[in-house]
Amino acid sequence: MTLHLPIVPPTTTSQMKRLAFVGGKPRFFKSKQSMIAEASYEQLLIDAKPDEKFVGPITLEVTFVFPHRKSIPKKLAGEMLPKTTRPDLDNSVKALVDSMTRTFWFNDDAEIFSLTVSKYHGPDDKVGVWIDIKGAA
């Protein structure tokens, strides 16, 4: 199944946590931006959820396409260009996979045995999160 989530990929990730002291002990909390990003993912994933969960082994290919920077030369505006700045790939995909688990796309992210992730700057019609998922449904 191939899916396009029409969202500018969040630049905040689940790795970004706040530290607070509760009863003198350090506690970590998700930032408000991280919770908003995950809620956005979850709403889009619920709307596109298949009738049955995928079950392992699951192959997942994820491509994050961010808008081009304003400084890009016009001759490159239609190209997909590798993004080598933050957010980190591993943190970005964690937020997405956790959202997929919470919206019941699969039982547990441990069922994913193959994961391919990439990130690009791309033209406006390609911006979003592209997911290709394979497994038994």
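I will go through the sheet, then the helices, then a few single residues.

First, how to read this. It is a predicted model, in which local features need pLDDT of at least 70, side-chain atom pairs count only at pLDDT 80 or more, and totals for chains, interfaces and linings use all residues. Residues are numbered from 1 along each chain as its sequence is written, and side-chain values use heavy atoms, with hydrogens and water left out.

Helices (H or I, at least four residues) and strands (E, at least two) are DSSP runs, numbered from the N terminus. Two strands pair if DSSP finds at least two bridges between them.

Now the sheet. Five strands form an open sheet with mixed pairing, in the order β1-β7-β4-β6-β5. At the edges are β1, residues 2-5, and β5, residues 81-82, and each of these pairs on one side only. The partner of β1 is β7, residues 128-136; the two are antiparallel and share four bridges. Within that pairing, H4 has W130 of β7 as its bridge partner.

Next, the helices. Contact here means heavy atoms within 4.5 Å. Axes are lines fitted to C-alpha atoms, for helices over the stretch in contact, and angles run from 0 to 180 degrees between N-to-C directions. Helix α1, residues 32-48, packs on the sheet and touches β1, β4 (55-67) and β7. The direction of α1 makes about 140° with that of β1. Helix α2, residues 89-102, lies across β1, β4, β6 (112-122) and β7, and runs at about 125° to β4.

On to the backbone. The peptide bond from G56 to P57 is cis, with omega near -5°, and P57 sits in strand β4. A cis bond also links R86 to P87, with omega near 5°; P87 is in the loop between β5 and α2. F104, in the loop between α2 and β6, has a positive phi, near 65°, and is not a glycine.

Buried means under 20% relative accessible area, exposed over 50%, and partly exposed in between, with a 1.4 Å probe and protein chains only.

Last, H68, in the loop between β4 and β5. H68 has a relative accessible area of 17%, so it is buried. Its side chain reaches the backbone oxygen of E79 at 2.8 Å. Leaving aside neighbours within four places in sequence, the contacts of H68 include L76, L81, H121 and P123.

Methods. A polar contact is a pair of N or O atoms within 3.5 Å; within protein, one must be able to donate a hydrogen and the other to accept it, and residues adjacent in sequence count only if both atoms are side-chain atoms.
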